[in-house]
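The tour goes stop by stop, with something to select at each.

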Amino acid sequence: MQAASYLADVLRQYDANGIHIGSGLPKATCPCGLCQKVRKFEATPSATPADAASEADKRDATRYRWLRDSDRLPEEIDGEIVVGTAGGEDVLFDSALDKAIDAAIQRERQQGEVRA
Ligand SMILES: [Zn+2]
């Protein structure tokens, strides 16, 4: 059964005051299995903006770990995504890339350009 139609079927079991029509008892106190299920569902916290931000952070962390991993690259790196410094021959990976990024963030924070 589709989730939406199941939900509609469940909602039809209650009147506008939250009375379970089948038992005549309020949803909050009715001992039947359906009301127990509905109470449990309603007590389950739904996703919050903080959860969404945390998920976004996890995706960013995954992207970053992929980016910094030199093992993913074939010997011939033409056409691959690499990270390097703008003005020289250096191509940075792993902890050297971490240090370069951390140092750049630190410099920008000291100049007040990045909010911590
Ligand atoms: Zn009930």
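Start with helix H3: it is hardly covered, and the count of buried residues among its 20 residues is zero. Buried here takes 20 or more other C-beta atoms within 10 Å of a residue's own; exposed is 12 or fewer, partly exposed is in between, and C-beta atoms are placed from the backbone. Helices are DSSP runs of H or I with at least four residues, strands are runs of E with at least two, and both are numbered from the N terminus.

This is a predicted model: local features need pLDDT of at least 70, side-chain atom pairs count only at pLDDT 80 or more, and totals for chains, interfaces and linings use all residues. Numbering starts from 1 along each chain as its sequence is written.

Stay on H3 and select residues 49-68. How far apart are the end C-alpha atoms of helix H3? They are 28 Å apart, which agrees with the 28 Å that its 20 residues should span at 1.5 Å a residue. The expected span is 1.5 Å times one less than the number of residues.

Now zoom out. The protein has four helices and two strands. Along the sequence, they follow the pattern α-β-β-α-α-α. Color by burial: buried residues make up 4% of the 116 residues. Of the contacts with a separation of 6 or more, 15% join residues 24 or more positions apart. A contact means that two C-beta atoms, placed from the backbone, lie within 7 Å.

Next, select Gly24. It sits in the loop between strand S1 (19-20) and strand S2 (25-26). Is Gly24 buried or exposed? Gly24 is exposed, because 9 other C-beta atoms lie within 10 Å.

Last, select Leu25, in strand S2. With 14 other C-beta atoms within 10 Å, Leu25 is partly exposed. Show its contacts: Leu25 touches Ile19, His20 and Cys30, leaving out residues up to four places away in sequence. Then pick Cys35. Its C-alpha atom is 9.7 Å from that of Leu25, ten residues apart along the chain.
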